[in-house]
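Below are some notes for a colleague who has not seen this structure before. They are numbered so that each can be checked against the model in turn.

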Amino acid sequence: MSSASGYRSEFRQVGEHRLFVAEHIPAQRRGAVMLISPFLEEMLFCRRVLRHLAIALASDGWHVLRFDRYGEGDSEGELANADVAGALARIDVLASLHPSP
């Protein structure tokens with residue numbers, strides 16, 4: 001796990017898989033947001049924009065969670081084995097782990 005002021009990243013066990021998760025943590029919290037990137041190559045095109053959005057939201061008091069889906073980025077798995085139902089289930093698990101305001 002790497003840590004810096006206002007930022008934490010780690011691999012989290014979600015069901016049977018480890019997903020790469022990044023959190024942008026505000027000094028004073030007003031709520032929580034989960035940013036879900038687009039699928040496949042579109043994810044690569046917007047990664048930097050979503051990172052800057054997460055930083056801006058955190059500076060405005062929002063606790064932001066970003067993650068790489070199963071089979072994408074730094075998360076475990078093969079993209080060929082990814083499916084919509086599994087992706088939605090993992091989003092639900094991450095949402096339940098994300099601290100509420």
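Predicted model: local features only at pLDDT ≥ 70, side-chain atom pairs only at ≥ 80, totals over all residues.

1. Ser37 is a place to start: leaving aside neighbours within four places in sequence, Ser37 is in contact with Met43, Leu50 and Arg69. Ser37 is found in the loop between strand 4 and helix 1 (41-59).

2. Helix 2 covers residues 84-97, which makes 14 residues. At 1.5 Å a residue, helix 2 should span 20 Å.

3. Which residues of helix 2 are buried? They are Gly86, Arg90, Ile91 and Leu94. Viewed down the axis of helix 2, these buried residues fall within an arc of 135 degrees, and therefore they line one face of the helix. On the other side of helix 2, the exposed residues are Val84, Ala85, Asp92 and Ser96.

4. What covers the buried residues of helix 2? The cover includes four strands: strand 2 (7-14), strand 3 (17-24), strand 4 (31-35) and strand 5 (62-67).

5. Leu79 has a relative accessible area of 34% and is partly exposed.

6. How many salt bridges does the structure hold? There are 7 salt bridges. One of them joins the side chains of Arg12 and Glu23, at 2.4 Å from N to O. This pair links distant parts of the chain, with Arg12 in strand 2 and Glu23 in strand 3, 11 residues apart. Are the two partners buried or exposed? Arg12 is at 14% relative accessibility and counts as buried. Glu23, with a relative accessible area of 2%, is buried as well.

7. Another salt bridge is formed by the side chains of Glu76 and Arg18, at 3.6 Å from N to O. Here, too, distant parts of the chain are linked: Glu76 sits in the loop between strand 5 and helix 2, and Arg18 sits in strand 3, 58 residues apart. Glu76 is at 33% relative accessibility and counts as partly exposed. Arg18 is also partly exposed, with a relative accessible area of 36%.

8. Asp60 forms a salt bridge with Arg30, and the closest N and O atoms of the pair are 2.9 Å apart. Where in the chain are the two residues? Asp60 is in the loop between helix 1 and strand 5, while Arg30 is in the loop between strand 3 and strand 4. They are 30 residues apart, and the pair links distant parts of the chain. Asp60 has a relative accessible area of 44%, which makes this residue partly exposed.

9. Some salt bridges share partners, and in this way Arg8, Glu10, Arg12 and Glu23 are joined into one network. The network takes in the Arg12 and Glu23 pair, whose N to O distance is given above as 2.4 Å.

Definitions and conventions. Residues numbered from 1 in each chain as written. Heavy atoms only, no water. Expected span 1.5 Å × (residues − 1). Buried < 20%, exposed > 50% of the residue type's maximum accessible area, 1.4 Å probe, protein only. Arc of directions from axis to C-beta. Contact = heavy atoms within 4.5 Å. Salt bridge = Lys/Arg side-chain N within 4 Å of Asp/Glu carboxyl O.
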